[in-house]
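Please look over the model below before reading the points that follow it.

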Amino acid sequence: MQRAFLAVIMVGLLCSTLSFFVVLNKLSFMGAGISHAMLGGIAAGVLLGVNPLYTGAVSAVFIALLIGYISKQGKMQEDTAIGILFATGMALGITLISFKEGYYPELFSLLFGNVLAVSAADLWFLVTVLIIVLLFVSIFFKELLAISFDEELARANGLPVAFLYMGLLVSLSLTVVASVMVVGVVLASALLVIPAAAGYRLSKNYRFMLFFSIIIGVTSGIAGLVFSFNYDVPSGASIVLCSATVFFVSLIASLTVQRR
Amino acid sequence: MQQVAAALSVDDVSVSYNGMAVLEKISFAAAPGQLTGIIGPNGAGKSTLLKAIMGLVNVDCGSVRILGLAVDKVRPKIAYLPQKNTFDTDFPISVEGVVMTGRYPHLGWCALPGEKDRRIVEECLHKVSMLQLRKRQIGQLSGGEQQRVLLARALAQEAELFFLDEPFAGIDLVSESVIMGILKELRSEGKTIFAVHHDLSKTEGYFDTLILMNKRIIAFGKTKEVFRARYLQETYQGSIAVINGYNELMVVNA
């Protein structure tokens, strides 16, 4: 139980911080693509008896960099590349996991998350990812903001755009892995979009947007977990529904303010 | 044109997109302290020339030197204003936040803007008469106001060379006159400015030097020497008519 709370808080912090850049850079589909495509990597871990988080992380980073490379080369549209890898990774995952006997319960928790099954090793993995991603974002915050605002201007100013973009994709893929731990492959992208989307509704200033995003990400995670305990509903779905509720409240609040 | 120390030298630069030539063997050397207009019809490669100079597109061959050095060595000293709306106008950033991004090339990793940077941002916003709107979200401004903010951003960069892509396209007259006033002020401070421009009626009053181009350089030199019907006819290839031979009144069907 304590582990579940710790995991939810860390994942909330991680996802909401990254969601800020996901929303600003319009990477929502990328997040969904990586989370689904990494099922192949996760399933390989389950089959080989290795912690699926590790194999999942490796496959997520690989997929993100592959999509980034393909789209930056201009040989294929980014959404086309995501669309192909999305389904291929998912199909590979389902095929691999079907080789394991009694795979259905395991597949269910991979698809929809099971934060109560988080182990001590998983928590350490989360701490490591949290440190790596937050360090990257803190060191390069203003540069990441500049490339998010106008990539061409940032390139003209001599910022290392390719390095920053790839760094952002690696951070995104590690964050997707963390999100999968809590809400599963299918719902992972929700935590990478909803907090910042709600934050954006509440403020058109990036500092406040980031602040609201983090508050919303962490509190809706905790609220969702409490709700799932009290009403015995799946934790992943409960957390996503809590975040979505906050988003719709923010949307209504912002529309009401605009009308006045 | 004989140059002693060129602010910008472009040597034999060619660019193509998917095998189609966009720029063909462009060469010129520009002296510092000049306000240069880049003139040509649609599709003449004017924007591509700016991007090739800035290293934003791959060149097939040729080289560019700015202040005698490769572009990557002098990036903090060169400011670029792309054609407007290359950014998302819904981006959650204020007017002063946009101008502050112009200070980033001078700040190290992890460094946050300090008092000096904030003062420079304020001064630059004052110069473009946008100080009173500094807290507004960028998308809440008109096209001309956004262009003034982008110019303030370039000023905040404290650059030596300025490259502006159609700075007057689709903006109000007040903004155009504010921007032109600042460009002339920059020139008098010894800065070197290049602006892609399409309105021939104002060309003579705006620029010291002109580059007339249509994939290749048609003419390059002092405005009074190259703003001539014969060069313009060659540049616009038949889509220009000389109505009055004496005053060389021209009509462009661009």
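The points below take up confidence, then chain A, then chain B.

1. This is a predicted model in which local features need pLDDT of at least 70, side-chain atom pairs count only at pLDDT 80 or more, and totals for chains, interfaces and linings use all residues. Residues are numbered from 1 along each chain as its sequence is written, chains are lettered from A and ligands numbered from 1 in the order in which they are written, and side-chain values use heavy atoms, with hydrogens and water left out.

2. The model has an ipTM of 0.84 and a pTM of 0.88. For chain B the mean pLDDT (the predictor's confidence in each residue, from 0 to 100) is 87, and 91% of the residues reach 70 or more. Among the elements of chain B, the highest mean, 95, belongs to helix α3 (residues 115-127), and the lowest, 59, to strand β10 (residues 240-244).

3. Chain A contains 12 helices and zero strands. Here helices (H or I, at least four residues) and strands (E, at least two) are DSSP runs, numbered from the N terminus.

4. Chain A has a radius of gyration of 18 Å, which agrees with the value near 18 Å for a compact globule of 260 residues; the radius is taken over C-alpha atoms, and the globule rule is 2.2 Å times the number of residues to the power 0.38. The C-alpha trace of chain A spans about 55 × 45 × 30 Å along its principal axes. Of the 260 residues in chain A, 54% are buried, meaning under 20% relative accessible area, with exposed over 50% and partly exposed in between (1.4 Å probe, protein chains only).

5. In chain B, six strands make an open sheet of mixed pairing, in the order β5-β6-β7-β3-β8-β9; two strands pair if DSSP finds at least two bridges between them. β5 and β9 (216-222) of chain B are at the edges with a single partner strand each, so one side of each has no neighbour in the sheet.

6. β5(B) runs parallel to strand β6 (residues 161-165) of chain B, and four bridges join them. B:L81 has B:L164 in β6(B) as its bridge partner.

7. Where is B:S94? B:S94 sits in the loop between β5 (78-81) and α2 (95-101) of chain B. B:S94 counts as buried because its relative accessibility is 16%. Leaving aside residues up to four places away in sequence, B:S94 touches B:R134, B:K135, B:R136 and B:Q137, where contact means heavy atoms within 4.5 Å.
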